[in-house]
Amino acid sequence: MLDGTVLTSYTFLIVAAGTVLLAAVAGAVGCVTVLKGESLIGDAIGHSSFPGVILAFMFFMQRDPALLLLGAIGTGILAFALIQLVDAYSKLDEDAALAIVLSSFFGAGMVLQSYIQGNKNYQGASQAGLQTYIFGQAAYMMKRDITVIFVVAVFSLVLLCVFYKEIKVFVFDPVYAKTIGISSSVMYGVIALMAMSLIGAGLKLVGAVLIASLLIIPAITVMQWSNHFGRVLGIAACTGSFSALTGTYLSTVIDGLSTGPIIIVIMSILALLSLLIGPHGMIANLRMRRRYR
């Protein structure tokens with residue numbers, strides 16, 4: 001049942017501001033990773049960021065969002081570097097490297113979390129809320145969490161705008177990009193930095209398990225509607241923000257619904273509908289095949 005009074009409540013406005021902003025920028029950045037064929041990197045980094053959150057808490061004995069974000073980015077960078085090393089200097093395929101790093105880092109995070117729960121050295125520091133970084137819990141978001149999300153979102157958006165032309169060339173024609181002097185290492189670094197920052201900021205929202213969905217699902221949705229790079233980024237941002245706003249509202253008015261998971265469910269519904277009825281979706285492709293038989 002619709003409840004208009006919820007839209008003006010302080011709690012709803014705080015949570016909605018964080019979810020909409022993060023989902024919008026993550027949707028745009030996610031298009032770059034998906035088009036580059038690096039969509040699973042986000043999943044691996046998302047799981048690998050969790051031990052960084054626990055390590056940051058262990059070192060500083062506090063749950064400051066900025067410190068936890070730095071920890072998440074730190075282990076995310078380490079995981080990304082390990083994936084590249086294993087892929088380059090071993091016989092394993094990239095998907096195997098992703099699986100190894102993902103499971104190892106996430107397992108390490110779970111071990112560290114269980115260790116501090118039973119360790120008397122950490123009993124004086126508040127551990128409440130650390131478990132929300134696994135599955136997410138937007139209801140625990142505070143103004144300082146929104147501040148961190150705002151800074152990260154603006155930072156990632158600025159990087160995307162500054163390197164827009166270079167990223168566009170690098171994504172669609174890396175050989176040509178290299179011939180005109182665009183460094184592939186720099187482009188990989190910029191894309192990875194944007195993804196890692198957004199993943200670290202969004203862990204408390206949807207958790208390490210679902211964080212990659214914020215990057216991947218809007219990109220899959222919008223690619224069924226347009227082939228224009230600029231439009232794809234814009235529509236993906238709108239898709240992410242619409243899903244976030246709707247999911248936040250539903251989780252506020254319906255008892256028992258978690259914000260992060262319901263946002264992902266709404267995104268998934270939009271993606272499935274787009275895969276079916278979009279101009280580049282399954283039904284359109286079937287009609288085209290029948291036409292040329």
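**A ring and its surroundings**

Mentor: Phe229 is buried, as its relative accessible area is 4%. Buried stands for under 20% relative accessible area, exposed for over 50%, and partly exposed for what lies in between, with a 1.4 Å probe and protein chains only. The model is predicted, so local features need pLDDT of at least 70 and side-chain atom pairs count only at pLDDT 80 or more, while totals for chains, interfaces and linings use all residues. Residues are numbered from 1 along each chain as its sequence is written, and side-chain values use heavy atoms, with hydrogens and water left out.

A pair of aromatic rings is described by the distance of the centres and the angle of the planes. Here, rings of Phe, Tyr and Trp (its six-membered ring) pair if their centres lie within 6.5 Å; planes under 30 degrees apart are called stacked, those over 60 edge-to-face, and the rest tilted. The whole structure has 5 aromatic pairs.

One of them joins Phe12 and Tyr249, which sit edge-to-face at 6.4 Å centre to centre, with 90 degrees between the planes. Phe12 belongs to helix 1 (residues 10-35) and Tyr249 to helix 10 (residues 229-253), so this pair ties together parts that are 237 residues apart in sequence. Helices (H or I, at least four residues) and strands (E, at least two) are DSSP runs, numbered from the N terminus. Phe12 is buried at 4% relative accessibility, and Tyr249 is buried at 13%.

Now back to Phe229. Its ring pairs with that of Phe172: the centres are 5.6 Å apart and the planes are at 90 degrees, so this pair is edge-to-face. Phe172 is partly exposed, with a relative accessible area of 48%, whereas Phe229 is buried at 4%.

Axes are lines fitted to C-alpha atoms, for helices over the stretch in contact, and angles run from 0 to 180 degrees between N-to-C directions. Under 35 degrees counts as roughly parallel, over 145 as roughly antiparallel, 65 to 115 as roughly perpendicular, and the rest as oblique. The crossing of helix 9 and helix 10 is right-handed. A crossing is left-handed if the near helix is turned anticlockwise from the far one by less than a right angle, and right-handed if clockwise.

Helix 9 also holds Thr221, which is buried at 5% relative accessibility. Thr221 and Gly46 are 175 residues apart along the chain, and their C-alpha atoms are separated by 21 Å.

For contrast, take another helix contact. Helix 2 (residues 39-60) and helix 4 (residues 94-117) pack at about 25 degrees, with their axes 8 Å apart, and are therefore roughly parallel to each other. Their crossing is left-handed. The contact of helix 2 with helix 4 has 19 nonpolar, 4 polar and 2 charged residues. In that count, Ala, Val, Leu, Ile, Met, Phe, Trp, Tyr, Cys and Pro are nonpolar, Asp, Glu, Lys and Arg are charged, and the others, Gly among them, are polar. Ser104 is placed in helix 4 and is partly exposed, with a relative accessible area of 43%. Between Ser104 and Ala79 there are 9.7 Å in space, C-alpha to C-alpha, and 25 residues in sequence.

The cysteines come last. A disulfide is a covalent bond between the sulfur atoms of two cysteines; the test used is a pair of cysteine sulfur atoms within 2.5 Å. This structure holds 0 disulfides. Cys161 is in none, and its nearest cysteine sulfur, in Cys31, is 14 Å away. Cys161 is exposed, at 55% relative accessibility. Cys238 has its closest cysteine sulfur in Cys31 as well, 11 Å away and too far for a bond.
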